[in-house]
Amino acid sequence: MTGFPVVRSRRLRRGEGIRRLVREARLSPAQLVLPLFVIPGKGQRQPIASMPGVERLSADLCGEEARSAKSLGLGGLLLFGVPDEKDATGSSGRDPDGLVPRAIRAAKEAAPELPVMADVCLCDYTDHGHCGVLLPSGEVDNDATLPLLADQALAYARAGADVVAPSDMMDGRVAAIRRGLDEAGLSDTAILSYAAKYASAFYGPFREAANNRPRQGDRKGYQMDPANGREALREVALDIEEGADMVMVKPAMAYLDVVRAVRERFDVPLLAYNVSGEYSMLEAAAANGWIDGQRAMLEMLTGIRRAGADAIITYFAPKAARLLAG
Ligand code: PBG
């Protein structure tokens, strides 16, 4: 007697109380990380046309932002620099008094308990817009990039970042950063590696927000081919071996199978990055009245959790946290 009419699945769907009791995937503000774009100046806020509701802000305002993230119960912040000065090697990214270090200090001062993560990559700081330094051929020089990434991570760790998050996709960068941090006595700074980061069209709005579009060529020579799932498992395994404390799959929505596969194979905390394009598509559809923005947002975030992500990096973090608080 295992089927209908004895079994009726609908019994457990009859009211919100019972649905809530048997719900499998839960979403809590503690699992949401908010990315911030840091610009030069003081008291500056700048809207981002392609990401309605998201602003770039100057480092001094990151304290305020951290306090508000803390009061919403968010899991943390992820900082990106949007500097005026750029050069061939991205040196403004290594400046101990640069945009991100200043933002880290402001955030940690305002909300010491709130985890602060900092994105480590050259592309926001290079005049050519690539994630590493370039060979004369225009190709990225993997090995020459590693010490620069380690120096950037060191500047962020010294400023007080709890977590550094390399997003460049150079081979060997996690090991280089771990070594750099440990040699400087910063063995407590954690590494969140963008382990499976795909060469995705869904980063479009971010490239406006961070002004880091490559001047020539694309990122397919270092970011992963969207067709590859097994390769993601190799990337994650390598990064864990090199010392990653947490790993990330990015983007999220078109890669939920990868999130699931990584979850099943590895035991380190897994984050998924709900990227700018995923945010903007939903906001645009909602603004046109084509979709219920709030419900779609929660459904999307819940789906990423159900696929197996422990936490989600998302521009929706404050909006979702407010809704979840009821
Ligand atoms: C930079 C970086 C990118 C994102 C995070 N770090 C852009 C890129 O690789 O081109 C994308 C985030 C988003 O789209 O929300 N290395």
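**View 1. Met169 in the loop between β6 (163–166) and α5 (173–183)**. Helices (H or I, at least four residues) and strands (E, at least two) are DSSP runs, numbered from the N terminus. The model is predicted: local features need pLDDT of at least 70, side-chain atom pairs count only at pLDDT 80 or more, and totals for chains, interfaces and linings use all residues. Residues are numbered from 1 along each chain as its sequence is written, and side-chain values use heavy atoms, with hydrogens and water left out. Met169 is not a glycine, yet has a positive phi of about 70°. Its relative accessibility of 6% makes Met169 buried (buried means under 20% relative accessible area, exposed over 50%, partly exposed in between; 1.4 Å probe, protein chains only).

**View 2. Asn211 in the loop between α6 (204–209) and α7 (230–242)**. Asn211, also not a glycine, has a positive phi of about 50°. With a relative accessible area of 48%, Asn211 is partly exposed.

**View 3. Helix α10 (residues 293–307)**. Buried residues of α10 include Ala296, Met300 and Ile304. Just after α10, Gly308 adopts a positive phi of about 125°.

Definitions and conventions:
Expected span 1.5 Å × (residues − 1).
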